[in-house]
Amino acid sequence: MRIILPIIASILSIGGGGVFSYYLLILLLSMEERGVRVFIGPPKSETLLKLVLIVLPLVVAVYVFNKKKQHVIKKTIIASFVASFVMSFILIPYQSAILDFFRTPSKHVQSEIQSQVQHIIDEQQLPYVIDQKESESWTDNEVIRTVVYLRKIKAGDIEKNEVKPFVNTTFEADVKLVFNDQLLVSYVTVFIDKGKEVDCTNDSYCK
């Protein structure tokens, strides 16, 4: 019990410090500077209430453990909260990159999508090749979906009948197909989500 209680207190304090820093940042961004509000968030009163509700249990816990002379647990709560609070603000500039890392489709998913696209190319005998390097680079930039970068291997415009087989295909993940002509001058982009919704940069290719 002597070990479990400090661990639980530490976990709760770490979570509290992180959440506290989040709402504090929202409050700071919502402040008006020279009559201009940089960030439109929830009402300040609501954010302040959440800040109080987060820190109040920790204050009460510190007071109770101090009364019971359980100074180790008290120090654990304070140290964990402060450390989590400080680290949250240090990591703010990197949060977007961290989130993008976990949201970007895995190499396995990208490979599966590319295999499905390649199967359609082979089956329909379409004059396109998949540029894997560009596909991976575009996917990293796109983050939220797998991008397959296709390049035409013979002269001529991108034809509707070359795009249509992909439009009628169901993918297991959200996909963006980028069709380029041989000279990389013109292109057509097709968005296909796993809910079968399709959108094209040029609507005529989707109809």
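Analyst: Start with Gln125, which sits in the loop between H4 and strand E3 (128-130). The labels H and E come from DSSP runs, numbered from the N terminus: a helix is H or I with at least four residues, and a strand is E with at least two. Residues are counted from 1 along each chain as its sequence is written. This is a predicted model, in which local features need pLDDT of at least 70 and side-chain atom pairs count only at pLDDT 80 or more, while totals for chains, interfaces and linings use all residues; side-chain values use heavy atoms, leaving out hydrogens and water.

What stands out about the backbone at Gln125? Its phi is positive, about 55°, although Gln125 is not a glycine. Most residues other than glycine have a negative phi. Is Gln125 buried or exposed? It counts as exposed, at 70% relative accessibility. The cut-offs are these: buried means under 20% relative accessible area, exposed means over 50%, and partly exposed lies in between, using a 1.4 Å probe and protein chains only.

Leu184 also has a positive phi without being a glycine, near 60°. Leu184 lies in the loop between strand E5 (175-180) and strand E6 (187-192). At 46% relative accessibility, Leu184 is partly exposed.

Back to H4. Helix H4 covers residues 107-124, and it packs against helix H5, residues 132-142. How is such packing described? Two packed helices are described by the angle between their axes and the distance between the axes. For H4 and H5 the angle is about 130°, and the axes are 12 Å apart. Each axis is a line fitted to C-alpha atoms, for helices over the stretch in contact, and angles run from 0 to 180 degrees between N-to-C directions. H4 and H5 are therefore oblique to each other. Angles under 35 degrees count as roughly parallel, over 145 as roughly antiparallel, 65 to 115 as roughly perpendicular, and the rest as oblique. The crossing of H4 and H5 is right-handed. That word applies if the near helix is turned clockwise from the far one by less than a right angle; anticlockwise makes a crossing left-handed.

Which residues meet there? From H4 come Lys107, Gln110 and Gln114; from H5 come Gln132, Ser135, Glu136 and Thr139. Contact means heavy atoms within 4.5 Å. The residues of this contact include no nonpolar, five polar and two charged. Here Ala, Val, Leu, Ile, Met, Phe, Trp, Tyr, Cys and Pro count as nonpolar, Asp, Glu, Lys and Arg as charged, and the others, Gly among them, as polar.

Now follow H5. Lys133 lies in this helix. Lys133 is exposed, at 72% relative accessibility. Its C-alpha atom is separated by 9.8 Å from that of Val148, 15 residues apart along the chain.

The structure holds five aromatic pairs. Rings of Phe, Tyr and Trp (its six-membered ring) pair if their centres lie within 6.5 Å; planes under 30 degrees apart are stacked, over 60 edge-to-face, and the rest tilted. One of the pairs is Phe20 with Phe85, tilted at 5.9 Å centre to centre and 55° between the planes. Phe20 is in helix H1 (residues 4-30) and Phe85 in helix H3 (residues 71-103), so the pair ties together parts 65 residues apart in sequence. Phe20 is buried, with a relative accessible area of 16%. Phe85 is partly exposed, at 23%. The rings of Trp138 and Tyr149 lie with centres 5.4 Å apart and planes at 55°, so this pair is tilted too. This pair links Trp138 in H5 to Tyr149 in strand E4 (residues 146-152), eleven residues apart. Trp138 is partly exposed, with a relative accessible area of 30%. Tyr149 is buried, at 10%.

One more helix involves H4. Among what covers the buried residues of H6 are H4, E3 and E4. Those buried residues of H6 (residues 160-167) are Glu162, Val163, Pro165, Phe166 and Val167.

Finally, step back. The chain has six helices and seven strands. Of its 207 residues, 34% count as buried.
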